[in-house]
Each structure stands twice: as C-alpha cells, then as structure tokens.
Amino acid sequence: SAYSNTASGATPAAPDTTAPSGSVTINGNATATGSTAATLTLTAADAVGVTGYYLSTSSAPPPAGAAGWVAVTSTTSFTSNVSYTLPSREGTKTVYAWYKDAAGNVSSTASDTILLDQTPPSNGTLTATAGNAQVSLSWAGFADGGSGLAGANTYRLAFRTGGFPAAFCTNGTQLLLGSATSFTHTGLTNGTTYSYRVCALDNAGNTSTGATASATPQAPDTTPPTAPSS
C-alpha cells in the first residue's frame with residue numbers, strides 16, 4: 001500500500017535538577033570592620049541561569065518559595081556588590097547566602113565572617129626630648145584587645161605650635177603614618193614650643209584619642225662660666 005502520512009516528535013528535555021554554585025565575601029574579604037555598614041560581593045553560576053539570591057545571618061537554608069529572595073535577571077554567571085547592615089554589638093559576624101534557578105533548585109550554603117570592632121585602641125605614652133633645633137620622640141604602650149593594632153599604618157604622629165593637635169589626630173601637621181615607634185623632628189626653631197600627639201590605629205580602622213607631649217628646642221650653651229670677681 002501507499003506510505004502513510006509522516007509524523008515526528010521530540011524527546012522532552014530532562015528536568016533541571018542541578019543547583020547553582022556560589023560564594024559571598026564581606027568588604028572584600030576584610031578580617032575586621034568598625035562599621036555595621038558592609039558591602040557584600042555575591043558570585044554565582046548555573047548552567048541554565050541564576051534567578052535569585054537570599055541573604056541572612058541565620059544558617060538555616062531557605063525554601064525556594066520563601067519570602068526574602070531577591071530576584072535577578074536570569075544569567076549563567078552572576079556577580080553583584082550589594083549593601084548590607086551587619087547586626088549591632090561587637091563580635092564576629094557571619095553572613096550566609098544562597099542562590100536559586102528557575103527550576104527552584106537552591107544552592108548549598110555560602111558564608112563569610114568578619115569581626116565588628118568599634119572600640120578604639122588604648123593609649124600609651126609619648127616622650128619628647130628637646131635638642132638643638134630638633135625634638136626626639138618615642139612612644140610605647142598602645143594596645144588593642146579587639147581586632148589588634150594595624151600591621152602597617154599603626155601610628156599617626158602630628159604636631160602643632162599653637163597647642164596640641166586635636167584628639168584622634170584629626171588636625172595638625174602629620175609627621176608619620178607607619179609602624180615606627182620613634183621619630184626625630186628636625187629643622188626646628190630654637191625657643192619655640194612644639195606640641196605633639198601620637199594616635200594608634202587598629203585593623204578595623206578605629207583610632208585612639210592619642211598621647212601628647214611637648215618640647216622646646218634650645219641652642220647648646222657654649223658660654224663658659226665666668227670666674228668669680230675678687
């Protein structure tokens with residue numbers, strides 16, 4: 001007999017059962033912060049497309065239909081920087097993130113931690129020793145029990161001639177920003193009083209109120225004593 005009419009069909013696509021993968025970092029992977037205002041860097045990938053993310057300070061994974069998901073335009077490679085407010089009170093803070101796709105697959109938990117430290121370092125002492133047209137300065141005893149003293153820019157040293165620089169070293173002429181614990185201020189005018197403040201910084205960006213000292217350079221006494229009159 002003659003051939004029948006032709007027919008065709010397509011095998012249905014296999015359902016998407018693969019969840020996205022992703023990560024989250026706080027403030028560019030910083031170890032400490034002095035502010036609850038943070039920036040989260042979100043990164044995720046999915047073979048079909050990431051369609052949303054969920055952020056929390058709780059480690060409990062959210063269902064795909066839970067309230068709180070933030071929708072994004074479907075993309076196989078998702079990256080975004082978003083503002084986030086950390087919980088108040090000092091201590092270690094952990095932020096958790098999840099990602100989902102259009103099929104409702106939810107990623108495994110991604111997380112990052114950061115230390116919230118809002119307490120400035122404690123002050124030590126500053127010693128100023130006057131010389132000829134110079135003042136030698138040294139300091140010690142500063143400490144921080146939270147995030148620790150900053151490793152690179154540990155101290156800020158400033159001076160003024162009309163009184164001490166303000167607390168936290170917010171004014172005056174800066175002489176040093178670094179890890180040194182001594183400094184010689186040269187090229188000074190003998191007879192003028194120079195006032196100094198040194199402040200310590202910690203890894204969270206907090207600054208101590210500072211320790212102060214002053215000194216007045218003097219020219220050396222080169223006049224020999226006079227003999228007593230007879």
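Predicted model: local features only at pLDDT ≥ 70, side-chain atom pairs only at ≥ 80, totals over all residues.
In β12, the bridge partner of leucine 157 is valine 198.

Strands of a sheet pair through backbone hydrogen bonds, either parallel or antiparallel.

Now move to the other partner of β12. Strand β12 spans residues 194-200 and pairs with β13 in the antiparallel sense. Five bridges hold this pairing. Valine 198 stands opposite alanine 211 in β13. Valine 198 is also the bridge partner of leucine 157. Serine 195 has its own bridge partner in β13, serine 214.

**Inside β12**

Is β12 mostly covered or mostly open? The strand is mostly covered, with seven of its seven residues buried. In a regular strand the side chains alternate between the two faces of the sheet. β12 can be read in this way. Tyr194, Tyr196, Val198 and Ala200 point one way. Ser195, Arg197 and Cys199 point the other way. Residues on both sides are buried.

Is leucine 176 buried or exposed? Its relative accessibility is 13%, and buried means under 20%, so leucine 176 counts as buried. Its contacts, leaving out residues up to four places away in sequence, are Trp139, Tyr155, Arg156, Leu157, Ser182 and Phe183. Leu157 is the residue bridged to valine 198. Leucine 176 and asparagine 153 are 23 residues apart in sequence. In space, their C-alpha atoms are 9.2 Å apart.

Where is asparagine 105 found? This residue is in the loop between β5 (91-101) and β6 (110-116). A polar atom of its side chain lies 2.9 Å from the backbone oxygen of aspartate 16. Not counting residues up to four places away in sequence, asparagine 105 touches Asp16, Thr17, Thr18, Ala19, Pro20, Tyr99 and Lys100.

Asparagine 27 is in the loop between β1 (21-26) and β2 (32-33). Asparagine 29 lies in the loop between β1 and β2 too. Most residues other than glycine have a negative phi. Asparagine 27 has a positive phi of about 50 degrees, although it is not a glycine. Asparagine 29 also has a positive phi, near 70 degrees.

| Residue | Relative accessible area | Class |
|---|---|---|
| Asparagine 105 | 15% | buried |
| Asparagine 27 | 26% | partly exposed |
| Asparagine 29 | 52% | exposed |

The classes follow from two cut-offs: buried means under 20%, exposed means over 50%, and partly exposed is in between.

**The whole chain**

How many helices and strands does the protein chain have? There are zero helices and 13 strands.

What is the overall extent? The C-alpha atoms fill a box of roughly 155 × 35 × 25 Å, taken along the principal axes. The radius of gyration is 32 Å. A compact globule of 230 residues would have a value near 17 Å.

Buried residues make up 35% of the 230 residues. The accessible surface comes to about 12400 Å², and 49% of it belongs to carbon and sulfur atoms. Contacts can also be sorted by sequence separation. Among those with a separation of 6 or more, 67% join residues 24 or more positions apart.

Terms used: Residues numbered from 1 in each chain as written. Heavy atoms only, no water. Pairing = 2+ DSSP bridges. Helix = DSSP H or I, 4+ residues; strand = E, 2+ residues; numbered from the N terminus. Buried < 20%, exposed > 50% of the residue type's maximum accessible area, 1.4 Å probe, protein only. Polar contact = N/O pair within 3.5 Å; in protein donor to acceptor, adjacent residues only side chain to side chain. Contact = heavy atoms within 4.5 Å. Rg over C-alpha atoms; globule rule 2.2 N^0.38 Å. Areas by Shrake-Rupley, 256 points an atom, 1.4 Å probe, with all protein chains shown as cover.
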